[in-house]
Number of protein chains: 2
Amino acid sequence: MSDNGKVENVIIIGSGPAGWTAAIYAARANLRPLVFAGRPKTTPSTILPGGQLMMTTEVENYPGFPEGVTGPLMMARFEQQAVRFATRIVTDSGFEPDVANPDDGHMYAYHDCKRVDLSQKPFVVVGEDDKEYRAHSLIIATGATANWIGLENEKRLARSGGGVSACAVCDGALPVFRDKVLAVVGGGDSAVEEATYLTKFASKVLMIHRRDELRASKIMAQRAMDNPKIDILWNKIVIDVLGDQMITGIKLKDTKTGEESNREVGGLFAAIGHTPATDFLEGQLELDEKKYIKLTDPYRSVTSVEGVFAAGDVVDSVYRQAITAAAMGCKAAIDAERWLAEQGIE
Amino acid sequence: MSDNGKVENVIIIGSGPAGWTAAIYAARANLRPLVFAGRPKTTPSTILPGGQLMMTTEVENYPGFPEGVTGPLMMARFEQQAVRFATRIVTDSGFEPDVANPDDGHMYAYHDCKRVDLSQKPFVVVGEDDKEYRAHSLIIATGATANWIGLENEKRLARSGGGVSACAVCDGALPVFRDKVLAVVGGGDSAVEEATYLTKFASKVLMIHRRDELRASKIMAQRAMDNPKIDILWNKIVIDVLGDQMITGIKLKDTKTGEESNREVGGLFAAIGHTPATDFLEGQLELDEKKYIKLTDPYRSVTSVEGVFAAGDVVDSVYRQAITAAAMGCKAAIDAERWLAEQGIE
C-alpha cells in the first residue's frame, strides 16, 4: 500500500559524494531522482546529510580544487549541482529544497528513510514520517561512519580540525602533522597501513593497541614492528585527548597494570574500523562479513537484488575517498539508467 | 642502462583526470611522482596533455562545479593541484612546470613517453628524447580516443561545442540538444545505448548505420527497432557535416545505391568505438580483445604485471567519465603506495 500512487524511476538514499553524484547523473538522464538526504546526527539517524565530509574542515585531495575546499562547502556545491538538474529531495515541505544559501539550515528539514522493502516490485521506501514511496530502482549511498574511541575531546577536535582524524590518507599530508609524533589507535591491517603511511610525514608514529599482539595479518604486523619510525605501545588504551584548539597529547591507561601516563603527540588517528549504514538492509540485500554491501560485479554498482544499486563508502572498505565515492555514484546512476531502459521503463 | 642513476618511486604516464588524480594522491603520499604528460596532437603522440577533456567545451557533470566548467580549465585545475603537492613533470627544461598561467603554452614543452620495458625491474620508461628513466612502479593513464568519422567539419564542430560529440552521457543533456533531431553514427551496443539515452532529450534520434543490420546484440538491436523515437537509416554513411557555428545537417550517401541526400539535424553523436592508447604496451601487459588494459582485480587498479597500475579510460570501456577516471587515478596511487610499502620501498 503506497501513500503515493506514483512510482519513482529511482530513489537515492544518502547525500554524501556518492548520493549527490548519483543524483547529478540520474537527473541529467531525465530520471527525476528523489533523494532521502538524511537527518543531522542531532537525531538518531541512518544517514548524515552531506556524509562524513560535513565533519571535515579542509579537503585538499578532491581533484579540481587546487586551493582546497572545506567539506561542507564541497557538499553544498554537489547538492546545488544535483538540484540544478531537477533532483528532488524529500523535505518537511515537499520536494523542493532551497539551496541558494547552504548555511540556512535547510538540511534540518531533510528526511531520513526508515525502512525499505526490497521483496516487492516496485520497491517500497518508507520515510521517517511513515509515508511510503515506491520506486523501480534504488541507489543506496548511505555511507559508513568511522569508529571513534568515544571521548568528548576527541570528537570536538576531529570536528574542528584540531589534529584528530579517522583517515590518514585524507589528512596525513596536512602541514599540521609534519615532523610531529603521531598516534594511531588500532591494531588491524588498516591501522598498520595508516601508521606506515604516516611515517612519511611524522617524526615518529605511536601505535596504541589494547592487547599484547596485533590483530593485523602476520606480514602486516611484522612490517609495523620492523619499521624504525613506528613504536607500538602494547596493552594501552587512550582515556583522554589533551589540548584546547589543537591536540597536545593523550592520556593512556595500561590494560594490565591500570597505570596511567601522558604522551605528547601532534596528532591522533583513529584506525578502529568503520561501520557501514546497512542495518536497514539486513536480510534483504547481500552484505559481506563486515556488513558492507556486496557488489555482484565489483567493477559496477550492481547488488544481489536486481534494480538495487549501491555506491560510496557503504560498499567500500578499501579506498573511502570523496572522489572514489563520487565515481561510484556516477556508475550507479548510469547502471540504473541502462537497467531501467532494459526493463522498458523510461 | 639508464641515463639517470635515480630510480623513481612512481612514474605516471598520462595527464587526463586519471593521471593528474594519481599524481595528486601519489604526491600527497610523498612519493614525488614523475609525470609524462604527453604532446599535443600536433605531433604524432600516444597521449594528449589533459586528455579528451581538452577537446570539450562545457562540463556539467563533474561533481563540485554546479555552474559548469570548461574541460581545459578543469584540467588546468587538476594539474595545479598535482603540482602544488610537488608532482614533477618531464619537460624540455627539466621537471618544474610553470602552471601559473595555463594558457601560456607550457603544455607544448611536455614530453611524451616513447616506450616502456616492463620485463626489467625497476621498470624502464623511455622519453621522446630517448632519455631513459627507471621506476619501481608505474601508473598507466594514457586514456582512449573516440573514433570519429573523420570529416573536417565534424572535428571542427566537436572542438568548438558546435553540436558534435562522441559521448551522449556527457553531452546529451545540454540545452542545445533539447527537442532536436539528433543523429547517432554506429551500429553496436554502445550506439544503441547512446541512441536510447538521447531519446530522453531529442524529438527524434536517427541511427545511421553503414550496413543493413546492426552489429549490436539481438536484444539491443530489437530495443532500437522497437523505440518509436529511433529511426534507423540503413546502408548510409555520413559524408559531410553541415553548419558553420552549429551543426545544421548531415550529408548521407547510400552504401548500396551511391545516392546522396541531406538530413537536417541539431546534433551528431559518433558512437563508433574508442581506441585505447595501449600500442606501446602490446606484448608486455595483458590487454582485452578491444586492447583495453585488463585489471586482474576489477575493484582495484592492479594489472597483469606486479607494480604496474592502470587508471582511466585506458581500462574503461563502460563509463568513460571524468569522475570515474579520476577515481581510478586515486585508486592507482593508493594501490601503488601500499605496494611500494609492501616491497619495503619508501
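**The interface between chains A and B**

In the predicted model, 56 residues of chain A are in contact with 56 residues of chain B. The two chains bury about 5,300 Å² between them, and carbon and sulfur atoms account for 53% of that area. Three residues, Arg28(A), Tyr299(A) and Tyr319(A), supply 16% of the area that chain A buries against chain B, more than any other three residues.

The polar side of the interface can be counted in two ways. Between chain A and chain B there are 10 salt bridges. Across the interface, 36 residue pairs are in polar contact, with both residues at pLDDT 80 or more. On the side of chain A that touches chain B, the elements that give two or more residues are α1 (17-28), α2 (71-84), α4 (168-171), α5 (189-198) and α7 (322-342) of chain A. Of the residues on this side, the largest share comes from α7(A), with 13 residues. Sorted by class, the side of chain A that touches chain B has 28 nonpolar, 11 polar and 17 charged residues.

**Helix α2 of chain A**

Helix α2(A) is one of the elements on the side of chain A that touches chain B.

How many of the 14 residues of α2(A) are buried? The count is 10, and the helix is thus mostly covered. Those buried residues are Gly71(A), Met74(A), Met75(A), Ala76(A), Arg77(A), Phe78(A), Glu79(A), Gln81(A), Ala82(A) and Val83(A). The cover over the buried residues of α2(A) includes α1, β3 (58-59), β4 (69-70), β5 (88-89) and α7 of chain A.

Both ends of the helix have a local feature. At the start of α2(A), a side-chain oxygen of Thr70(A) comes to within 3.2 Å of the backbone nitrogen of Leu73(A). After α2(A) comes Ala86(A), which has a positive phi, near 75°.

**Salt bridges**

Over all chains, the count comes to 28 salt bridges.

| Pair | Closest N and O atoms |
|---|---|
| Arg28(B) and Glu60(A) | 2.5 Å |
| Asp130(A) and Lys114(A) | 2.7 Å |
| Arg88(B) and Glu8(B) | 2.4 Å |

Arg28(B) counts as buried, at 2% relative accessibility. Glu60(A) also counts as buried, at 7% relative accessibility.

The salt bridge of Asp130(A) with Lys114(A) lies within chain A. Asp130(A) is in the loop between β7 (123-127) and β8 (132-140), and Lys114(A) is in strand β6 (residues 113-117), so the pair ties together parts that are 16 residues apart in sequence. Are these two residues buried or partly exposed? Asp130(A) counts as partly exposed because its relative accessibility is 45%. Lys114(A) is partly exposed as well, with a relative accessible area of 42%.

Within chain B, Arg88(B) forms a salt bridge with Glu8(B). Arg88(B) lies in strand β5 (residues 88-89) and Glu8(B) in strand β1 (residues 7-13), so this pair ties together parts that are 80 residues apart in sequence. At 4% relative accessibility, Arg88(B) counts as buried. Glu8(B) is buried too, its relative accessible area being 2%. In chain A, salt bridges that share partners join Lys6(A), Glu8(A) and Arg88(A) into one network.

**A loop residue of chain B**

Asn227(B) lies in the loop between α6 (218-226) and β13 (230-233) of chain B. Why does Asn227(B) count as buried? Its relative accessible area is 17%, and buried means under 20%. Leaving aside residues up to four places away in sequence, Asn227(B) touches Thr196(B) and Thr199(B).

How values were computed. Residues are numbered from 1 along each chain as its sequence is written. Chains are lettered from A and ligands numbered from 1 in the order in which they are written. This is a predicted model: local features need pLDDT of at least 70, side-chain atom pairs count only at pLDDT 80 or more; totals for chains, interfaces and linings use all residues. Side-chain values use heavy atoms; hydrogens and water are left out. Contact means heavy atoms within 4.5 Å. Buried area is the accessible area (1.4 Å probe) that two parts lose on being put together, summed over both. A salt bridge is a side-chain nitrogen of Lys or Arg within 4 Å of a carboxyl oxygen of Asp or Glu. A polar contact is a pair of N or O atoms within 3.5 Å; within protein, one must be able to donate a hydrogen and the other to accept it, and residues adjacent in sequence count only if both atoms are side-chain atoms. Helices (H or I, at least four residues) and strands (E, at least two) are DSSP runs, numbered from the N terminus. Ala, Val, Leu, Ile, Met, Phe, Trp, Tyr, Cys and Pro count as nonpolar, Asp, Glu, Lys and Arg as charged, and the others, Gly among them, as polar. Buried means under 20% relative accessible area, exposed over 50%, partly exposed in between (1.4 Å probe, protein chains only).
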